[in-house]
Amino acid sequence: MAPVHSRISSHKRNQDRAARLLSEAREKAAKDTGYHSLATRQKISEEFKSRTNMTPYNWQVDVAEALVLGLDCSVIAGTGAGKTMPFVMPLFVHPEKTVIVISPLNALEADQAERFKKMKIAAVAVNGETYSTTLHKELEQNKFQAIITSPEMCLQHDKFRQLLSNPRFAARIAAIVIDEAHCISQWGDHFRDLYNQLGTLRAFVPHHVPFLVTSATLPPLVLAHVQAVTHILPSQSYHVNLGTDRPNISWEVRYMKNGKSDLESLSFLLPKNSGGEAEGDTYDQSLVFFDDINVSMSALRWLRDHSPKTIQHQISVYHSRRTPTAKRIVLKLFKEGKIKVLLSTEAAGMGCDMPHIQQVVQFMAPGSLSIWMQRAGRAGRTLTMNARAILLVQPSVFQEKRTKKGKDPDEDDDGESIKYVKQIEDGLRQWIETEGCRRDIADEYFDSGVQRKGELLCV
């Protein structure tokens with residue numbers, strides 16, 4: 001059987017198993033409590049429509065119902081697919097309950113809180129910037145249905161941790177959601193080790209409270225790690241894999257002449273008339289990622305120096321050294337389209353709903369295909385938009401170095417193993433170097449459960 005058909009068949013079996021689990025949970029709830037699935041799903045759908053003017057996808061209602069029934073869930077879907085909506089959809093059935101959402105960044109917490117408020121959900125971001133005695137009292141008084149917070153607040157902040165584990169408060173928790181769950185694997189071992197301790201939250205709440213983990217990038221080994229950390233048993237949890245492909249994004253690799261100093265590789269961002277002062281000059285709405293703050297600042301200066309003075313203010317930077325107020329203002333202006341080109345580190349964009357981004361650029365190859373796909377997925381969140389994702393790859397990724405070692409099968413005839421000056425993950429290297437379809441590489445890497453339609457998607 002061809003690999004793609006084998007993968008699709010495997011996912012079909014997993015999908016059937018998830019459907020059986022949900023059906024069995026419905027039957028048990030009907031027997032034990034008189035639960036009515038049709039009425040519950042109708043309530044969820046009608047409330048969603050009335051609050052958003054949109055019709056929910058069946059899979060969103062399935063996940064929401066699974067959470068209502070107490071099933072742990074995992075959802076893999078491309079950015080912009082609607083993963084966030086099931087976070088709060090159980091509240092349409094149990095408005096007296098609270099959902100705890102674990103988010104990686106303060107900006108994302110604030111963004112999600114605003115989105116939920118627009119759905120008439122009482123939501124609040126709880127972090128070091130927002131926490132106060134007044135807010136704590138409001139939390140104790142159960143004024144919020146959705147609390148968006150961080151691993152650090154849950155596990156290190158004494159007062160907030162005590163509140164979460166208070167039996168009276170914990171009894172109201174409908175679900176614990178871990179958004180951007182790939183951070184458990186990406187950050188848990190070194191950058192933010194508390195991500196690897198999120199399973200501790202199981203001890204804070206009654207045993208029937210379900211966990212939901214979501215991400216656009218959970219390749220099989222990462223998914224297994226996330227499930228192990230959060231104590232989700234694959235055989236007893238509801239799993240949705242919609243694939244990670246974004247058909248409205250075209251993918252491009254461009255080769256840089258040098259490394260960090262090659263700021264000219266960003267010249268395609270400049271307006272076509274950047275040599276003059278034409279009033280119509282403007283930039284495409286672009287998000288440019290850097291892994292080095294100092295390089296992003298150098299790029300800011302270079303782009304402004306090579307742009308008409310009248311529009312230089314449309315370029316800005318977002319990184320951890322900026323003040324909370326400055327970061328809020330920059331994100332606001334970028335979302336409003338007043339800033340056209342935002343140069344950013346990991347701190348911006350993750351999960352934030354910015355539907356107008358025309359292109360995402362990565363300056364120099366990141367460490368893995370997962371990181372690149374996460375960042376690239378910020379482009380074209382309006383699915384009818386034709387967007388671009390451009391990876392600028394430095395020469396060191398391809399430059400070989402040789403180290404003398406003992407003879408083994410991976411070495412050449414001279415007993416030397418071939419290494420590259422810049423080490424990147426094999427999956428990303430394969431994606432960069434392939435002469436075939438990069439979407440096929442990504443589908444295999446992420447174990448996509450969806451078969452794409454049409455060869456035109458291979459761009």
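H2 covers residues 37-52 and H3 covers residues 58-68, and they pack at about 120° with axes 10 Å apart. This is a predicted model, where local features need pLDDT of at least 70 and side-chain atom pairs count only at pLDDT 80 or more, while totals for chains, interfaces and linings use all residues. Residues are numbered from 1 along each chain as its sequence is written, and side-chain values use heavy atoms, leaving out hydrogens and water.

Now show the side chains where the pair touches (contact means heavy atoms within 4.5 Å). H2 brings Ser 37, Arg 41, Ile 44, Ser 45 and Phe 48, and among their partners in H3 are Val 61 and Asp 62. This contact has 4 nonpolar, 4 polar and 3 charged residues.

Next, pick H15 (residues 426-433) and H16 (residues 438-445), which pack at about 165° with axes 8 Å apart. That angle makes H15 roughly antiparallel to H16. Look for Trp 431 of H15 and Tyr 445 of H16, both among the residues making the contact.

Last stop: H11, residues 220-229. Which of its residues are buried (under 20% relative accessible area, 1.4 Å probe, protein chains only)? Color Val 222, Leu 223, Val 226, Gln 227 and Val 229. They sit on the same side of H11, because they cover an arc of only 165° around the axis. Their cover includes strand S1 (73-76) and helix H10 (183-187).

How values were computed. Buried < 20%, exposed > 50% of the residue type's maximum accessible area, 1.4 Å probe, protein only. Helix = DSSP H or I, 4+ residues; strand = E, 2+ residues; numbered from the N terminus. Arc of directions from axis to C-beta. Axes fitted to C-alpha atoms, helices over the stretch in contact; angles between N-to-C directions. Parallel < 35°, antiparallel > 145°, perpendicular 65-115°, else oblique. Nonpolar A, V, L, I, M, F, W, Y, C, P; charged D, E, K, R; others polar.
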